[in-house]
Amino acid sequence: MKKVFLKDIARSLNISKTAVSLVLNGKGDENKISKDTQDKIISFAKKHNYVPNQLARGLSRGKSETIGLIIPNISDTFYSKIAGYVELKAKELGYSVLFSSSNEDNKKEAELIRAMLNRQVEGLIIASTQNNLKEIKALQDDGFPFVLIDRHYPEMETNAVVVDNFNGLKIVTEHLIELGRLKIGFITLEPKLEAIHQRYLGYKSALIEAGIDFNKDLVKELSPLNYEDEISKAIGDLLKFPNSVDSVVFVTHYLTSVGLRELKRRQVKVPQEVAIVSFDELTAFDLVDPPITSVIQPVRDIANLSVEMLVNRIEGKDKIMVRKTVLDSKLVVRKSCGTF
């Protein structure tokens, strides 16, 4: 069906576009437009499935009623869930959302920020590459509303909603220690992101506080771009004497996924030979055998709080210049850690 625009209604009924716009925005009576004319316009609009242009309506009032969301990778389940919840919460508060992925490319992220500003978004929610301090500082200096999620810039105070990565990883490591697992391997990514670095510090802190010597050989750092190829050597090294581990902590859900595949290929029994825990999880982690013990991040809360924080700033309801929220994660214990 051909889309009908406001100008089409005006032309078909021989009524001015201004009158049509006033009626469709519920302002017919206050502008003294006759009941008969209002009925004609509303009837025609319904019959032809007229859908108002929200962007145009917003811009006519000096607002786009749109916010932008920039995330590293929409195919990552963690970020796709956040995107879904952001969209729901934004709609509830009267805003639409423009989505884009930076693919962990700081240049693309900078381009996306500029492109969204050109699209007249009223605010931005950004899971940054953490390599765009200049662009983020420019947004803050200009007073443009934005909220950082998941990742932030430690050297700069900004509006942010993040997870307590340090304690989330510390708790899961402590859980393994309580189960008598004292030789704990740690498979992580190159610590370019503050969240990954904080998880590493949480792991290290749990070992030291328990009186266990920290062994750097048990820490395997993989490339974010090549981790699927590097996982075999990492696990092989952790299983080889004298570093043969009794447990492994994976710093992300996708490292856990490829790590489990490699352990299965090597016919390593989980948790009898090696216990497994994961920071964050995939939907299937409670369905595999054995189900995977995971640190679950509060995805819905991250999304909802970031949207609320942003909208309050856009609408001038929040006078505090910088507001940072740190959320706790939750340890969900399943069979892979050897508890049962």
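Visitor: Is the crossing of helix 1 and helix 3 left-handed or right-handed?
Guide: In this predicted model, helix 1 and helix 3 cross in the right-handed sense.

Visitor: At what angle do helix 1 and helix 3 pack?
Guide: The angle is about 125 degrees, and the axes of helix 1 (residues 6–13) and helix 3 (residues 35–47) lie 11 Å apart. The two helices are therefore oblique to each other.

Visitor: Which residues meet there?
Guide: Helix 1 contributes Ile9, Ser12 and Leu13, which meet Lys40, Ile41, Phe44 and Ala45 of helix 3. Of the residues in this contact, five are nonpolar, one is polar and one is charged.

Visitor: Turning to the sheet, in what order do the strands run?
Guide: The order is 2-1-3-4-5-11, in an open sheet of six strands with parallel pairing.

Visitor: Which strands stand at the edges?
Guide: Strand 2 (96–101) and strand 11 (324–327) do; each has a single partner strand, so one side of each has no neighbour in the sheet. From one strand to the next, the twist averages 15 degrees.

Visitor: How many bridges pair strand 1 and strand 2?
Guide: Six bridges join strand 1 (residues 66–71) to strand 2, in the parallel sense. As for individual positions, glycine 68 has leucine 98 in strand 2 as its bridge partner.

Visitor: And what does helix 7 touch on the sheet?
Guide: Helix 7 (residues 133–141) packs on the sheet and touches strand 3 (123–126) and strand 4 (146–149). The direction of helix 7 makes about 145 degrees with that of strand 4.

Conventions:
Residues numbered from 1 in each chain as written. Predicted model: local features only at pLDDT ≥ 70, side-chain atom pairs only at ≥ 80, totals over all residues. Heavy atoms only, no water. Axes fitted to C-alpha atoms, helices over the stretch in contact; angles between N-to-C directions. Helix = DSSP H or I, 4+ residues; strand = E, 2+ residues; numbered from the N terminus. Parallel < 35°, antiparallel > 145°, perpendicular 65-115°, else oblique. Left-handed = near helix turned anticlockwise from the far one by under 90°. Contact = heavy atoms within 4.5 Å. Nonpolar A, V, L, I, M, F, W, Y, C, P; charged D, E, K, R; others polar. Pairing = 2+ DSSP bridges.
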